[in-house]
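This report goes through a single protein chain by topic. Please look over the sequence and the structure before reading on.

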Amino acid sequence: MLSGDCMNDSAGVRLWNGAMLPTPGVFQIDPAHTTAGFVARHLMVTQVRGRFEQVEGTVHIADDPLDSSANAVIDTGSITTGAAERDAHLRSADFLDVEAFPQMSFLSREVHGGDSGPKWSVVNGQMVRRRRGGAGKFVCVGDLTIRGVTRPIELDVSIDGVKGDPWGGERLALSATGEIDREAYGMTWNVALEAGGWLVSQKVQLEIRAQAIRMT
């Protein structure tokens with residue numbers, strides 16, 4: 001039987017620049033406890049949230065945390081926004097074109113400490129203000145591929161904790177946010193509004209909440 005505190009506190013952690021980080025190893029994303037979400041605007045004012053229900057990937061924690069890496073693959077057909085008609089449109093060739101491109105992917109290239117580097121950087125040809133966090137905050141630069149188009153992206157990453165589970169395993173929790181220009185990936189469908197503006201926002205915010213299981 002499990003005691004009142006069923007969590008195992010023997011997780012492998014270390015102190016690095018004031019943050020408790022996992023010791024080196026490979027973590028596999030747990031789809032059951034991971035949300036790959038996004039936010040777009042409808043009619044220029046209303047936020048519409050959605051998520052992808054099928055995601056897999058790994059996080060490699062290196063001896064030097066700044067040498068760490070991550071990769072993920074998402075089933076584009078698993079998109080859901082809570083509205084069947086809208087989801088069908090998002091799966092169509094106007095947007096994700098899931099029949100031709102059943103997967104989207106991310107592959108990291110480099111990691112920076114959240115407090116290092118300039119306040120501004122160039123992403124997809126535009127100046128983007130970088131978040132400058134504290135302990136446990138990082139900027140992950142990588143390549144995001146959607147509809148066969150690969151574009152660079154910066155993700156603001158937070159290590160939310162490392163904890164043992166009741167089955168003797170170890171879990172890493174992290175979150176990440178970013179922004180993409182959907183038209184840069186060929187998703188240019190839209191409707192002009194009579195009063196000005198567009199039906200669907202060009203910019204889409206990404207919101208990831210992930211849990212990963214230590215494999216090594």
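## Aromatic pairs

The structure holds 3 aromatic pairs; rings of Phe, Tyr and Trp (its six-membered ring) pair if their centres lie within 6.5 Å, and planes under 30 degrees apart count as stacked, over 60 as edge-to-face and the rest as tilted. One of them is formed by Phe 38 and Phe 52, whose ring centres are 5.7 Å apart and whose planes stand at 50 degrees, so the pair is tilted. Phe 38 is in strand E4 and Phe 52 in strand E5, 14 residues apart, and the pair links distant parts of the chain. Both Phe 38 and Phe 52 are buried, where buried means under 20% relative accessible area, exposed over 50% and partly exposed in between (1.4 Å probe, protein chains only).

## Basis of the model

This is a predicted model, in which local features need pLDDT of at least 70 and side-chain atom pairs count only at pLDDT 80 or more, while totals for chains, interfaces and linings use all residues. Residues are numbered from 1 along each chain as its sequence is written, and side-chain values use heavy atoms, with hydrogens and water left out.

## The chain as a whole

The chain has 1 helix and 15 strands. Of the chain's 216 residues, 42% count as buried.

The chain exposes about 11700 Å², of which carbon and sulfur atoms supply 54%; accessible areas come from the Shrake-Rupley method with a 1.4 Å probe, and for residues only the protein chains shown count as cover. Among contacts (heavy atoms within 4.5 Å) between residues at least 6 apart in sequence, 61% join residues at least 24 apart.

## Salt bridges

Side chains of opposite charge can pair when their charged atoms come close. The structure holds 6 salt bridges, each a side-chain nitrogen of Lys or Arg within 4 Å of a carboxyl oxygen of Asp or Glu. One of them joins Arg 171 and Asp 30, with the closest N and O atoms 2.8 Å apart. This pair links distant parts of the chain: Arg 171 is in strand E14 (residues 170-181), and Asp 30 is in the loop between strand E3 (25-29) and E4, 141 residues apart. Arg 171 also forms a salt bridge with Asp 165, where the closest N and O atoms are 3.1 Å apart. Arg 171 counts as buried because its relative accessibility is 16%, and Asp 165 counts as buried at 5%. Salt bridges that share partners join Asp 30, Asp 165 and Arg 171 into one network.

Another salt bridge is formed by Arg 49 and Glu 207, whose closest N and O atoms are 2.7 Å apart. Arg 49 lies in strand E5 and Glu 207 in strand E15, so this pair ties together parts that are 158 residues apart in sequence. Arg 49 is partly exposed, with a relative accessible area of 46%, and Glu 207 is partly exposed at 26%.

## Around the loop between E4 and E5

Leu 43 is in the loop between strand E4 (35-42) and strand E5 (46-52). Although Leu 43 is not a glycine, it has a positive phi of about 60 degrees. Leu 43, Met 44, Val 45 and Trp 198 make a nonpolar surface patch of about 410 Å². Patches are made of residues with over 30% relative accessible area and no salt bridge; like charges are joined within 9 Å, and nonpolar side chains (Val, Leu, Ile, Met, Phe, Trp, Tyr) within 5 Å.

Arg 41 lies in strand E4, and its side chain reaches the backbone oxygen of Val 45 at 2.6 Å. Arg 41 and Trp 198 are 157 residues apart in sequence and 9.5 Å apart in space, C-alpha to C-alpha.

## Arg 214

Which strand holds Arg 214? Arg 214 lies in strand E15 (residues 203-214), and counts as buried because its relative accessibility is 19%. The side chain of Arg 214 makes a polar contact with the side chain of Glu 170 at 2.9 Å. A polar contact is a pair of N or O atoms within 3.5 Å; within protein, one must be able to donate a hydrogen and the other to accept it, and residues adjacent in sequence count only if both atoms are side-chain atoms. Not counting residues up to four places away in sequence, Arg 214 touches several residues, including Pro 22, Pro 24 and Phe 27.

How values were computed: Helices (H or I, at least four residues) and strands (E, at least two) are DSSP runs, numbered from the N terminus.
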